[in-house]
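Good morning, and thank you for coming. Please look at the chain on the screen while I describe how its parts are arranged.

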Amino acid sequence: MTRECAVLLPGVCAALADPRQPGLDDTCLEKLLDWFRSLTWFDPTVELLQDNPCLIELITSVLALPDPSPSILSFTLQLAGILASSESRFQHLQQEKLLGRLFGQEGPRGGAAWEDASVRSAWVKGVHSMVHHQPALHFLCSTGGMDVIFALQGDPSLFVASAASQLLVHMLTFSLESETSKALSANDSDWPACAQMIVKHIEESLQSSSAPHIEQSLKLLSSLFGSCFGNCYAAWTEVLWLNIAKQIESFLLEETVPAQPVLANLLLNVARSPVFCGTEGSFWALVTSALEHLTPVQAGPLAVGLLKLCKCPQDVRIQALTVLLQPMDCILRAASQPLEYAGLLDESVSDPVTVESLVSSKTSCAGLLCQTLAHLEKLLSLKHFRVDLPYVSLLRSLMTILQFCNGFLSPASPLGSTISRNLINCFRVQKSALDVLAALSEKKDCDTLIGSLFDVLLAYLHSPNTSPTVLKKTFQATSKWLVHLQELSCSNSQWQQTEKILEDVFLVLQKRLCSPCWEVRDSSLEFLTAAVKCLRDQKEFRQCLLSSEVLRLTENLLEDPESYVRASAVTAVGHLAFMTCFAPEPPVVGDPYDKENTVAKLQEILSTDSEGFPRRAVISIFTMWLREGCTGQLEDTEQFVARVIQTVEHDLDWEVRLGGLELVEVFCSQTICKLSQCPYAPVSSAVTSSTPQNELLQVFCRAKLFGFLFRSLCDCDKPVGQRACDVLIGLRGHFYPMSTLENPQEIEDSPAGRGIAWLQRTLRQGSLAQNFPTDGADGVDFQDPESMMLALGAIDLLELHDELNKSSDHVEESPQSLLQDILATVGTIEDNEVDCY
């Protein structure tokens, strides 16, 4: 603790204990507690209390109040717990007889203040902070604290109940830390006293007839096995599990399984413990029983969790996969009678009637399918999967679900008719199914169904009943399957099918680009951009695209009334131009895009559009073009970058200015590579200097980079200044590779040197960019290579970098400032304004 803080602390403690003072903001009290946590973390000695007796006085004064406010009492409980976190300070507080009055039977837990949830929460937090040594554990066990914590597990406040459960996990883990070398017995008689109390409480709760108590203990066990306990204390974990396994098994055999979600989560957390790495033993039999007896909704999360485990036995893994596929199998079998195709499964884990009843119910059908589809999407994203999914049948089931949802399938079976009625226009099932459909595009086994699949996708793209959000998902899935279609047509020469599908896609895209709904126009443009990115090199795609009206319609949308659509149109036009007029080969016949015309249109949007989104999209496209080498020879690129910079530096949107800096960074790195890669490389005719450094400086000055970069250092939006500083430091590293920087004292006598010295002072003051003079006696010529070389070598860019990266409240958030704020708030000092950070 600094001397300044030690001087202020007594006044703060006195103000906190004074009931006449107005209550402090909870944020201030939390910050004060954070400060004490950091103090006690680095210094476990008792000197903190001995050197600052005001802390003991504060606790004593609050305890003496007949009716302390809940906020001050809560603060005091947490403060005392933090102070008691070391054994020496704990003993000191015990000698002062304070801990019993705070956390013991004579404390607030027996009074009216206990009715306030914030006080109960603070009591738990205080105990949690305190329990980092054995005397604290003994204190709680001997003063009835354990029973209080057990009771708080069922507190009406979820925050208190959760905190109590976390505290018990911490206490059990901590109590075993010093006991790991002792011998173990199945009756846990060797466990420490605190651990025995917790385990006994868990066992009694599980055997009780109280459903809330059972659920609380299952949650506690789940947290316990999910924490480091299950990994760090393998022997203890095994003993604990052996004591409760029979009870868990009995729950699964009951007609109504209690607390199903918690029970499933508990089994999954136990399965992750290294204790159960082996493929034998009763545990996996219990998991198998759970997969059979839990409802499909509750067994699903357990099944997908097991499938992600490397050590899960193969028979359990197959059973878990079967649980996930049962609803999909049910859908497929219900779609036609007699069964046209084989289902996904040869046999079910649980009774198929259970799944059929769930999908037959309007209230549960969508929920079960959405959960199942979400689990399947997770599995499809895994790189290594130890069970083969039946991809073809799964794809057929997904297509069936989508056809049920839009009413394009008339099932013959009564169950199919019921499911169809339940799913008609069900947006959330449609979105989930389309997500899985998109994930399946990367699998190679579904080629036989690709024609039927595109029939389903095109039906959704055409249908006026498809909602905008579902349409967006349909476009995303279509984009991924088009990539797969192109790969397929290249390998087996199915050109006619590919061409027909592409023609149909572009026909419906033309229709959607003219939609009165802006979300639909936006999604259509996003789809077009995604397709062009992936397929621009494919001849069939280019031909179908250029023979359609898509390019003309996309260009028209640059003037759309909705800014989001204009931004998407800019991105699409940028990628279409990259595919056509910037392509190395001659433009395809019928291409309406003209390079100069396209650049001019986008530059006009950058300088005149009233909304930020389109302007951001333009600068992003320009940067992409530059990165891909689309802007021509070096002279053309210089002029292009100079024009963009002159527009961007005056933009009111900081993200556009930041995009301009990214463009500059790409230009710098590319130019350095071009001019520095070989000393004998031919240089541009515009470059007349003899050394590569001067050539680079002249290029950068003609492109007007330095004025933009140095003005950006003082941008009112910090990210812009930080990026500009990074670019300048990178340039300095190139021009001064050996850190042979200029001496500011030596150069200040020259006219250029005086300007650079002024610039250094101005940057340190953080003046706004518009205060930079560019001419006059003290001006800086940002287009003079010699001056800019001096600027890069003389200005302390690293100092500026440190300043720009400091938090804006690095002074105001100091402990001293916090204590001053508290004193100012309670009115004990008048000459200090409160920092509203």
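The chain has 43 helices and zero strands; helices (H or I, at least four residues) and strands (E, at least two) are DSSP runs, numbered from the N terminus. This is a predicted model, in which local features need pLDDT of at least 70 and side-chain atom pairs count only at pLDDT 80 or more, whereas totals for chains, interfaces and linings use all residues. Residues are numbered from 1 along each chain as its sequence is written, and side-chain values use heavy atoms, with hydrogens and water left out.

Let me begin with the whole chain. Of its 837 residues, 54% count as buried, where buried means under 20% relative accessible area, exposed over 50%, and partly exposed in between (1.4 Å probe, protein chains only). Among contacts (heavy atoms within 4.5 Å) with a separation of 6 or more, 70% join residues 24 or more positions apart.

I turn now to helix packing. Two packed helices are described by the angle between their axes and the distance between the axes. The axes are lines fitted to C-alpha atoms, for helices over the stretch in contact, and angles run from 0 to 180 degrees between N-to-C directions.

How do H33 and H34 pack? Helix H33 (residues 612-627) and helix H34 (residues 634-648) pack at an angle of about 160 degrees, and their axes are 12 Å apart. H33 is therefore roughly antiparallel to H34; angles under 35 degrees count as roughly parallel, over 145 as roughly antiparallel, 65 to 115 as roughly perpendicular and the rest as oblique. In this contact, Ile619, Phe622 and Leu626 of H33 meet Thr637, Phe640, Val641, Val644 and Val648 of H34.

The second pair is helix H19 (residues 314-334) and helix H22 (residues 391-406), whose axes come within 9 Å and cross at roughly 65 degrees. On the H19 side, the contact is made by Leu325, Met328, Ile331 and Leu332. On the H22 side, the residues include Leu394, Arg396, Ile401 and Phe404.

Finally, consider a single residue. Glutamine 497 lies in helix H27 (residues 495-513). Is glutamine 497 buried, exposed or partly exposed? It counts as partly exposed, because its relative accessibility is 28%. Not counting residues up to four places away in sequence, glutamine 497 touches Ile450 and Gly451. The C-alpha atoms of glutamine 497 and glycine 451 are separated by 7.9 Å, although the two residues are 46 residues apart along the chain.
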